[in-house]
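Have the structure open as you read.

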Amino acid sequence: MHYFKYKKSELYAEDVPVRKIAEKVGTPLYIYSEKTLLRHLQSYQQAFNGYPSTICFALKANSNLAVLRLLAKNGCGADVVSGGELYLAKKAGIPSKKIVYAGVGKTDEEIAAALKARILMFNVESSDELKAIDRVAGKLKVKAPIALRVNPDIDPKTHPYISTGLKKSKFGIPIENALEYYRLARKLNNVEVLGIHKHIGSQITTIKPFIDALKRVILLAHNLREQGIEIWHLDIGGGLGISYKDEEPPLPEDLSRAVLPLLEEGGFNLILEPGRSIAGNAGILVTKVLYLKKNPEKEFVVVDAGMNDLLRPSLYEAFHDVRPVIKNSRKKVLSDIVGPICESGDFLAKDRMINRASQGDLLAVMSAGAYAFTMSSNYNSRPRVAEVLVKGREFFVVKDRESHKDLVRGMKVPKHLT
Ligand code: LLP
């Protein structure tokens, strides 16, 4: 559910016409809806209300400071994967005790920053990393709270680029070797074992893979307890899918209904790391039609947003619905919606039956609140676009459009070239 709806023939973001925002801020631009973000966060909070739990939003999905602040003010924690994300989470006011830190390549500096911030725990992905955390914590004379990220070898049946829980994946440690890693962790003086972490993939549209993976993890937790290794936090990662087209993914309440009975006697604190299911359908990308082109095979609608602004269609062949900001009754034609980047892979949508576009039309690329702006780049030296947050009848620019000056920020021409 989201709050980008038509009123008569015009698309609104909550109670603001999208056209009005585009006129004021220019295109391309991202628009996020506060009410949608909150609705999604609250659906997690309500679903897991009866069990000790922490919802840690995965910043990689959307790391706009205003979005994070909104989530923080409403009780949300953070799942971070870099020093940069840790910085943003803190800056947004997310309490350290609600921050978990994953990722296969944490540097000493990043580990030290997280230790100094006193985060809830590190989700550790290898024995080398375990030793590095122990070493850095030793230097700082603190104990590092950790969970090991285990790889339960469950196929989440999603796009191969976004499945992470299979044996061949670079993430986590194989669950069958977990005991041995936990024993190693226990021997280290400067780490304190607090939990188990797993995340099997993203855009998962059925409950079964979550349950299969969780069962394996719970078994491991009990085995560890028998060995005297106490497990407090069960971090079950993110991964709930959203509807881009006609998917009907489970809701947080479906997840809780399936998960909580398995945990009943465990006495764990449950951690969830949703990203897409909170932010994905809370954002759209608005773009303007520049030109129309016809070749013998099909029609191309050239718009002002490209793969540098929204990479998902090019990278994963991901489907994003494209809707006119102002509905019209023109004839429907088979079209590709393409960007201005000099790559044939630069498209936002392929082979869509859409009302024939006209120069200057505004189009809304739907479900663009997650892995959208965060994956954008300056490719083709295109300034990154503006971001706007809507609240009811009001809207706020929460990130300025970059300028050409921003493109050369930090660049230096050595003396011999001047
Ligand atoms: N926790 C961990 C450890 C993760 O690696 C991820 C996502 C999440 C949580 C959040 O997962 P979510 O609830 O959003 O599914 N760029 C891709 C998605 C990559 C996801 C990476 N990890 C895309 O655009 O589809």
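Where is the place of Pro-28?

## A cis proline

Pro-28 sits in the loop between α1 (18-25) and β4 (29-33); helices (H or I, at least four residues) and strands (E, at least two) are DSSP runs, numbered from the N terminus. The peptide bond joining Thr-27 to Pro-28 is cis, with omega about -5°.

## What the model is

This is a predicted model, where local features need pLDDT of at least 70, side-chain atom pairs count only at pLDDT 80 or more, and totals for chains, interfaces and linings use all residues. Numbering starts from 1 along each chain as its sequence is written, and side-chain values use heavy atoms, with hydrogens and water left out.

## Positive phi

Most residues other than glycine have a negative phi. Glu-317 has a positive one, near 50°, and lies in the loop between α11 (312-316) and β16 (322-324).

## The cavity

Searching the whole structure turns up one cavity of 30 Å³ or more. Here a cavity is a set of points on a 1 Å grid over the protein atoms alone where a 1.4 Å probe fits but cannot get out; points are joined across faces, edges and corners, and the volume is the space filled by probe spheres set on them. The largest cavity holds about 50 Å³.

Its lining residues (an atom within 4 Å of a point) include Tyr-44, Phe-210, Gly-238 and Glu-273.

How values were computed:
1 Å grid on protein atoms, 1.4 Å probe; cavity = no way out; pocket = protein on both sides within 12 Å on 5 of 7 lines; lining within 4 Å.
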